[in-house]
Amino acid sequence: MIVLTGLVGSGEARDKLEELYIKYKKLMYYIANDILKDIYESEDAVQSSIIKLANYLERIDDINSNKTKHLIVTIVKSTSIDIYRKKKRSPAIDIDDFSNTIESDDIPLDDLVIRLGDAEEMSKKLAELKSDYADILTLRYYHEFSNKEIGDILHISDENVRIRLYRARRALKKMMVDES
């Protein structure tokens, strides 16, 4: 059981954090255990995720929203992967080392997004993207986190956030242009 006292200052924030934990604890443990395959490390990942989530409480308006759920899933997934990498103590393969050969188009991404019309269509497009790209685009444009905040959540540098955002936008743009 995670002890929530002492993590946040006000009683209201503590209550909100406790509500989040109660609502999403099964999902958080499932995600962590799916990655780590160890119940004790999964508990560590969930506890670390709750502590990280405390930093973003002011951005959470509705506990039951998909936006909140996605934020929690992203934080737990990132924390679990970080623990997994530390556990293995082997050099992590940086997914940004591969070369991306997508050519740039003259059509601005904003125009392509406007063409989609609604969030449901956009979420379908994001689901077709590589999960790292979908996560970073969602954190940046849906949750409106800064590059520094995204770096903290995903445990990557600000420069790596900038590069991933650039590549994710290009991949999304290519996907949307190819379908046009």
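Student: Okay, which residues is Leu20 in contact with, leaving aside its neighbours within four places in sequence?

Tutor: Leu20 touches Lys25, Leu53, Leu57, Ile60, Ile63, Thr68 and Ile72, with those sequence neighbours left out. Contact here means heavy atoms within 4.5 Å. Before we go on, this is a predicted model, where local features need pLDDT of at least 70 and side-chain atom pairs count only at pLDDT 80 or more, while totals for chains, interfaces and linings use all residues. Residues are numbered from 1 along each chain as its sequence is written, and side-chain values use heavy atoms, leaving out hydrogens and water.

Student: Good to know. How many helices and strands does the chain have?

Tutor: Eight helices and zero strands, so the pattern along the sequence reads α-α-α-α-α-α-α-α. Both are DSSP runs numbered from the N terminus: helices are H or I with at least four residues, strands are E with at least two.

Student: And which residues have the most contacts inside the largest nonpolar core?

Tutor: Those are Leu20, Leu53, Leu71, Leu129, Ile136 and Ile153, in a core of 43 residues. A nonpolar core is a set of buried Ala, Val, Leu, Ile, Met, Phe, Trp, Tyr and Cys residues joined through side-chain atoms within 4.5 Å. Buried means under 20% relative accessible area, exposed over 50%, and partly exposed in between, using a 1.4 Å probe and protein chains only.

Student: Which elements give two or more residues to this core?

Tutor: H1 (11–36), H2 (39–54), H3 (66–88), H5 (119–128), H6 (131–142), H7 (147–154) and H8 (158–179). H1 brings the largest share, nine residues.

Student: Let's zoom in on H7. Which of its residues are buried?

Tutor: Glu149, Ile150, Gly151, Ile153 and Leu154. Their cover includes H3, H6 and H8. Just after H7, His155 has a positive phi of about 60°.

Student: How about Glu58, buried or exposed?

Tutor: Glu58 counts as exposed, because its relative accessible area is 58%. You'll find Glu58 in the loop between H2 and H3. Its C-alpha is 9.8 Å from that of Lys16, and the two are 42 residues apart in sequence.

Student: Switching topic: how many aromatic pairs does the structure hold?

Tutor: One. The ring centres of Tyr56 and Phe145 are 5.0 Å apart and the planes meet at 75°, so the pair is edge-to-face. Rings of Phe, Tyr and Trp (its six-membered ring) pair if their centres lie within 6.5 Å; planes under 30 degrees apart count as stacked, over 60 as edge-to-face and the rest as tilted.

Student: Where do those two sit in the chain?

Tutor: Tyr56 is in the loop between H2 and H3, and Phe145 in the loop between H6 and H7, so this pair links distant parts of the chain, 89 residues apart. Both Tyr56 and Phe145 are buried.

Student: Last one: which ring does the charged end of Lys23 sit over?

Tutor: The ring of Tyr24, at 5.6 Å from its centre. Lys130 also lies over the face of Tyr133, 4.8 Å from the ring centre. The cut-offs are NZ of Lys or CZ of Arg within 6 Å of the ring centre and within 35 degrees of the ring normal.
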